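The following note sets out points for a colleague's attention. Please read them alongside the coordinates.

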Amino acid sequence: MTSFYDEVEIEDMDFNEEEQVYTYPCPCGDKFEIFIDDLRDGDDVARCPSCSLIIRVIYDPDEFGDSDGEEYEVDTSIAVA
């Protein structure tokens, strides 16, 4: 059984459109990373490149269907009532 440091919803992570990677702050000072391609492959584990901690990413796999190599864009618009 894998021991996760935490479980984080993808909406709480930062997205870098240029690198196509989601990141989340790690307690060691670096950032957990998970790439769009990993999410499309069904991987839900983000790893920190500087330490041994991992987190489980909570997301809807249907939102990351295969896009035939197209870049993924995150909708950052905010609805104002």
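1. A disulfide is here a pair of cysteine sulfur atoms within 2.5 Å. By this rule the count is zero. Cys26 is in no disulfide, the nearest cysteine sulfur being that of Cys51, 3.6 Å away. The sulfur of Cys28 has its closest cysteine sulfur in Cys48, and because the separation is 3.6 Å, it is too far for a bond. Cys26 has 6% relative accessibility and therefore counts as buried, while Cys28, at 42%, counts as partly exposed. Buried means under 20% relative accessible area, exposed over 50%, and partly exposed in between (1.4 Å probe, protein chains only).

2. On provenance, this is a predicted model: local features need pLDDT of at least 70, side-chain atom pairs count only at pLDDT 80 or more, and totals for chains, interfaces and linings use all residues. Residues are numbered from 1 along each chain as its sequence is written, and side-chain values use heavy atoms, with hydrogens and water left out.

3. Helices (H or I, at least four residues) and strands (E, at least two) are DSSP runs, numbered from the N terminus. Of the 81 residues of the protein, 28% count as buried.

4. Strand 3 and strand 4 pair in the antiparallel sense over five bridges; pairing requires that DSSP find at least two bridges between two strands. Val21 stands opposite Phe35 in strand 4. Five residues lie between the strands of this hairpin, in which Gly29 takes a positive phi near 110 degrees.

5. In a regular strand the side chains alternate between the two faces of the sheet. Strand 4 has Phe32 and Ile34 on its covered face, and Lys31, Glu33 and Phe35 on the uncovered one.

6. The largest nonpolar core has 16 residues, of which Ile10, Met13, Tyr22, Ile34, Leu39, Val57 and Phe64 touch the most other members. Strand 4 (31-35), helix 1 (36-40) and strand 6 (54-58) each give two or more residues to this core. Such a core is a set of buried Ala, Val, Leu, Ile, Met, Phe, Trp, Tyr and Cys residues joined through side-chain atoms within 4.5 Å. Beyond its neighbours within four places in sequence, Met13 is in contact (heavy atoms within 4.5 Å) with Val8, Tyr22, Thr23, Tyr24, Ile34, Ile55 and Val57.

7. Gln20 has a positive phi of about 55 degrees, although it is not a glycine. Gln20 is found in the loop between strand 2 (14-16) and strand 3 (21-25), and counts as buried because its relative accessibility is 12%.
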